[in-house]
Amino acid sequence: GPVASRNSSLQIHTLDFSTFNKPGRYRIILEDGDSSYPFTISATPHHHAAVASLKGFYFQRMSTTLSPVYAGKWARPFAHPDEHVLVHASAATEKRPEGTVIASPGGWYDAGDYNKYLPTAATALWNLITAYDLGSCTGPTHRDDWGLPESGNGVPDLLDEARWELEWLLRLQEADGGFANKVTNLCWFSGMPETSTAPQVITAKTTHDTASAAAVLASAARVFADWDPAFAASCLGAARHAWDFLELHPGATPAAGFTNPSDICTGQYQDPLGDDDERAWAAAELYRTTGEESFHDAFATYWPIHS
């Protein structure tokens, strides 16, 4: 019978179609003429949603042209080469002073702005990599025909798309192993991306961002091992180097994560609770990928604080 919805004033009815296996598109029509939204019965009912979700990442690619062949009506010109990114004062060091030019191409636009943030990159990558990690060897996450420029290269398209962001992520690592927080305009820009001429800067590194990067790169090393061992090794090497940085900086630095200085007004992803949860995540992924007990022990150190 019907039950009250937890999220609205509606009554919820549950219908079980487990024994009805004729593929098609259906509606439930009631005696009073009301009907349900159309729904699909199929062996792959979520295929369209999965492809659309993955293409959503493709549409956010930076430093490339989106061809009509792959992007259809959302095609757009090349934008944001990011070959002339300036080191911001917050990230300046003796060996890499303010104004030093670095290259940071690739990655995805974060949202309505044209900036790239490590915290949101790590979250998105974790979702893609975990979707692949949990799928069967013949499941939809292993398909190589979802309409990307890389489709047909023998590597699952989900991993191809993740790699676009991973390769950018690797460019955020400094020589000491730490990872920068973001590559950004100084302030918001509106308009089509190819019209943007605002300078991009790379900001300071944090332990929060370094731990998040270590986690997703360790995950990437695991799932890419069967497809591109060299790339997997580079991801794992970067994750280990990041972990070394974290061990040399045992406290959250800065305490609440990156804070915008007065000349930057773009997005912030601060974490006033510290970085123990990110460190636990990094340790867990490094342990799963390497099996090394030191990472297991580190996870046990950080995890109880948040359990």
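**Reading the features**

Author: E167 has a relative accessible area of 29% and is therefore partly exposed; buried means under 20% relative accessible area, exposed over 50%, and partly exposed in between (1.4 Å probe, protein chains only). The model is predicted: local features need pLDDT of at least 70 and side-chain atom pairs pLDDT 80 or more, while totals for chains, interfaces and linings use all residues. Residues are numbered from 1 along each chain as its sequence is written, and side-chain values use heavy atoms, with hydrogens and water left out.

Reader: With which residue does R163 form a salt bridge?

Author: In general, side chains of opposite charge can pair when their charged atoms come close. The criterion for a salt bridge is a side-chain nitrogen of Lys or Arg within 4 Å of a carboxyl oxygen of Asp or Glu. R163 pairs with E167, and their closest N and O atoms are 2.8 Å apart. Both residues belong to helix α4, where a spacing of four residues is about one turn; helices (H or I, at least four residues) and strands (E, at least two) are DSSP runs numbered from the N terminus. R163, at a relative accessible area of 24%, is partly exposed.

Reader: How many salt bridges does the structure hold?

Author: The structure holds 14. One of them is formed by K116 and D82, with 2.8 Å between the closest N and O atoms. K116 sits in strand β7 (residues 116–117) and D82 in the loop between α2 (68–71) and β5 (85–87), so this pair ties together parts that are 34 residues apart in sequence.

Reader: Is K116 buried or exposed?

Author: K116 is buried, at a relative accessible area of 1%.

Reader: Which other residue has a positive phi of about 60° although it is not a glycine?

Author: That residue is S63. S63 is found in the loop between α1 (47–58) and α2. With 13% relative accessibility, S63 counts as buried.

Reader: Which residues are linked with R96 in a network of salt bridges?

Author: The network links R96 with E174, D176 and K205. Within it, the closest N and O atoms of R96 and E174 are 3.3 Å apart. This pair links distant parts of the chain: R96 is in the loop between β5 and β6 (101–102), E174 is in the loop between α4 (157–170) and β8 (179–180), and 78 residues separate them. R96 and E174 are both buried.

Reader: Which cysteines does the disulfide join?

Author: Searching the whole structure gives one disulfide. The link runs from C187 to C265, with an S to S distance of 1.6 Å. The angle about the S-S bond is 125°, and the link of C187 and C265 is right-handed. C187 is in the loop between β9 (182–185) and β10 (200–202), and C265 is in the loop between α6 (229–248) and α7 (276–290), so the pair ties together parts that are 78 residues apart in sequence.

Reader: Are the cysteines C187, C265 and C235 buried or exposed?

Author: C187 counts as partly exposed, at 37% relative accessibility. C265 counts as partly exposed as well, at 30%. C235 counts as buried, at 0%.

Reader: At what angle do the axes of α3 and α4 cross?

Author: Axes are lines fitted to C-alpha atoms, for helices over the stretch in contact, and angles run from 0 to 180 degrees between N-to-C directions. The axes of α3 (residues 118–134) and α4 come within 10 Å and cross at roughly 150°. The two helices α3 and α4 are therefore roughly antiparallel (angles under 35 degrees count as roughly parallel, over 145 as roughly antiparallel, 65 to 115 as roughly perpendicular, and the rest as oblique). Residues in contact (heavy atoms within 4.5 Å) include L118, L125 and Y132 in α3 and L158, E165 and W168 in α4.

Reader: Where is the peptide bond that is cis, with omega near -10°?

Author: That bond runs from T253 to P254. P254 lies in the loop between α6 and α7. P250 is also found in the loop between α6 and α7. P250 is exposed, with a relative accessible area of 61%. The C-alpha atoms of P250 and G56 are 37 Å apart, and the two residues are 194 residues apart along the chain.

Technical notes
Disulfide = S-S within 2.5 Å.
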